[in-house]
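Subject: Structure handover

Hello,

Here is the structure for your files. My notes on it follow below.

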Amino acid sequence: MPGILYLIPNTLGQTEIDGVDPLAHIIPTEVQLLTAKLDYFIAENAKTTRAFLKLIGTRNTLAKSIQEIHIAELNVNTDAKNLPALLEPILVGQDAGLISEAGVPAVADPGANLVRLAHAQGIQVKPLVGPSSLLLAVMASGLSGQNFAFNGYLPIDAAARIKRIKQLEERSRAEKQTQFFIETPYRNAGMLETLAATCNANTLISVATDLTLPSEQIQTKTAAKWKAECASGKTPDFHKKPTVFLLLAE
């Protein structure tokens, strides 16, 4: 009988909150206990996953030592033909955990393809509760939480990016739908400036940075207000910090 593929949430960054256990604040105790029992993981990066497991191990007894735990890597460079091998231990009865670099796996994450294959091969997939920067950003934005769409990364080319933003704004207006996306952190300022300059003055733009961390910032303003603040150098403190951008055209 096949084992179970657990989708294990990770923290959204290094967290210290006034002496409160940062792991307990973000990752439920039951998830920590289950994670500690596993000795096979599939992750984007073995090194950072070992660091996460080490943190789990300071509060829970691990099934094996960190060095003995098997961590197979799955990232954007993994060829689709190599995915079946990752599931072989599960097919013969071993439980496994799929872990993202941050937040929940298989959402804006290469693990989605593995989950699809697991379903095709009759493997039970069990998602576990944890932080999602995307859902948290929608919750805190004040924009439509009834109708929203995630668009991944926008084009890097300036002209293509402006064209895409205009398309998303028009779709948002027509469907009353929140459009949101992410950016490589060092390009956050450029993204906000382009959004503010491209969108209609009354389009709402929300910027959510470092969610769940002590440095968390969430601000929702019109494009006109953002444009004025960008011009005066009053942009958020979000350089090289994970950020979710959202817009709603009315």
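In what sense do strand β2 and β4 pair, and over how many bridges? Strand β2 (residues 40-43) runs with β4 in the parallel sense, over three bridges. Two strands count as paired if DSSP finds at least two bridges between them.

Some ground rules before the rest. This is a predicted model, in which local features need pLDDT of at least 70 and side-chain atom pairs count only at pLDDT 80 or more, while totals for chains, interfaces and linings use all residues. Residues are numbered from 1 along each chain as its sequence is written, and side-chain values use heavy atoms, with hydrogens and water left out. Helices (H or I, at least four residues) and strands (E, at least two) are DSSP runs numbered from the N terminus.

Strand β4
Strand β1 (residues 4-8) also pairs with β4 in the parallel sense, over four bridges. Opposite Gly-97 in β4 stands Tyr-6, and opposite Leu-98 stands Ile-42. In a regular strand the side chains alternate between the two faces of the sheet. In β4 (residues 96-99), Ala-96 and Leu-98 point one way, Gly-97 and Ile-99 the other, and all are buried. Buried means under 20% relative accessible area, exposed over 50%, and partly exposed in between (1.4 Å probe, protein chains only).

Arg-161
Arg-161 sits in helix α7 (residues 158-175) and is buried, at 6% relative accessible area. Its side chain makes a polar contact of 2.5 Å with that of Glu-183. A polar contact is a pair of N or O atoms within 3.5 Å; within protein, one must be able to donate a hydrogen and the other to accept it, and residues adjacent in sequence count only if both atoms are side-chain atoms. Beyond four places in sequence, the residues in contact with Arg-161 (heavy atoms within 4.5 Å) include Leu-154, Arg-187, Met-191 and Thr-194.

Cysteines
The whole structure has zero disulfides, a disulfide being a pair of cysteine sulfur atoms within 2.5 Å. Cys-199 is buried at 7% relative accessible area, and Cys-230 is buried at 16%.

Annotation
The UniProt record, an unreviewed entry, lists residues 39-223 as "domain: Tetrapyrrole methylase". UniProt positions are in the numbering used here, feature names are shortened, and annotations may be inferred rather than shown by experiment. In the model this span is 38% helix and 21% strand, with its end C-alpha atoms 49 Å apart.

Regards
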